[in-house]
Amino acid sequence: MSIWDLQAPLYHLQRRLWPLSVILRNETSLASRLLASRPHSDGWALDLGSGPGHSFPLLPDALARVGVDQSPAMAKRCRAHHHAMMVVADACALPFKSDLFTLISAVGLMEYLPSPEPLLTELGRMCRSQGSVLLTTSPQGLFTRLRSLTGARLTVHNLDAVIEAAQRRSLFLTGAVHTFSQQLFLLQKR
Ligand SMILES: C[S@@+](CC[C@H](N)C(=O)[O-])C[C@H]1O[C@@H](n2cnc3c(N)ncnc32)[C@H](O)[C@@H]1O
């Protein structure tokens, strides 16, 4: 059982507490604005590291949506809250065919991975040409240090290295917003 399975029952309550609730609302609104700038498309959308489902509604419901989480307890909650189609899997080794998704989100996930490379490889593989990827990372600073005290181990990744590694997988930066709590990127597959 992982730390995420243990946190699952109380995770959504913890996120309702002030000031976290305000910070998360701001992050969600920034992510929505970034996504609004992507070209409209149909097909399949994927939310990686869905947790109990806070990032899942960022995917437009006009698309066929699938969520993935490594924690069975988190996946169960997301399924219950959003009637979501959920797959329990590692985001770095996904059981989906290539070029399937028109939109992929990975919100609050990369900082829990020791290296960004395997996740970027999967994003590059599964995203369709002209499809979009919403990706977030944690910045250096007090907020990230405090977060790391509350749960799983966090890694601050070098931003330039992440962007270069994404480009090597044909994922190019089309938009970015940085706050003290989160760095958000919109990438497009070319
Ligand atoms: C901070 S939560 C983010 C939840 C949600 N995306 C949000 O924005 O609120 C991170 C989630 O990523 C999941 N996770 C961590 N490592 C993973 C991996 N390698 N593959 C799939 N899910 C993973 C955890 O189980 C957890 O539910």
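This is a predicted model: local features need pLDDT of at least 70, side-chain atom pairs count only at pLDDT 80 or more; totals for chains, interfaces and linings use all residues.
Helices and strands here are DSSP runs numbered from the N terminus, a helix having at least four residues and a strand at least two. By that count S170 is found in the loop between helix 6 (159-168) and strand 6 (171-178).

The protein has 6 helices and 7 strands. Read along the sequence, they follow the pattern α-α-β-β-α-β-β-α-β-α-α-β-β. Along the principal axes, the C-alpha atoms fill a box of roughly 40 × 35 × 30 Å. The radius of gyration is 15 Å, which agrees with the value near 16 Å that a compact globule of 190 residues would have. Of contacts between residues at least 6 apart in sequence, 63% join residues at least 24 apart.

Next comes the interior. Of the 190 residues, 36% count as buried. In soluble globular proteins, nonpolar side chains tend to be buried together. In this model the largest nonpolar core has 40 residues. Those with the most contacts inside this core are L46, F101, I104, A106, L123 and V133.

Two packed helices are described by the angle between their axes and the distance between the axes. For helix 1 (residues 3-14) and helix 3 (residues 72-82), the axes come within 7 Å and cross at roughly 35 degrees. The contact is made by W4, D5 and A8 of helix 1 with P72, A73, M74 and R77 of helix 3. By class, this contact has 5 nonpolar and 2 charged residues, and no polar ones.

W18 and P19 are joined by a cis peptide bond, with omega at about 5 degrees. P19 lies in the loop between helix 1 and helix 2 (20-36). D99 is not a glycine, yet has a positive phi of about 55 degrees. D99 lies in the loop between strand 3 (85-88) and strand 4 (101-106). With 13 other C-beta atoms within 10 Å, D99 is partly exposed, because a residue counts as exposed at 12 or fewer and as buried at 20 or more.

S181 lies in the loop between strand 6 and strand 7 (183-189). With 17 other C-beta atoms within 10 Å, S181 is partly exposed. Leaving aside neighbours within four places in sequence, S181 is in contact with I23, E27 and F143. The C-alpha atoms of S181 and S132 are separated by 23 Å, and these residues are 49 apart along the chain.

Key:
Residues are numbered from 1 along each chain as its sequence is written. The radius of gyration is taken over C-alpha atoms; the globule rule is 2.2 Å times the number of residues to the power 0.38. Two residues are in contact if their C-beta atoms, placed from the backbone, lie within 7 Å. A nonpolar core is a set of buried Ala, Val, Leu, Ile, Met, Phe, Trp, Tyr and Cys residues joined through C-beta atoms within 7 Å. Axes are lines fitted to C-alpha atoms, for helices over the stretch in contact, and angles run from 0 to 180 degrees between N-to-C directions. Ala, Val, Leu, Ile, Met, Phe, Trp, Tyr, Cys and Pro count as nonpolar, Asp, Glu, Lys and Arg as charged, and the others, Gly among them, as polar.
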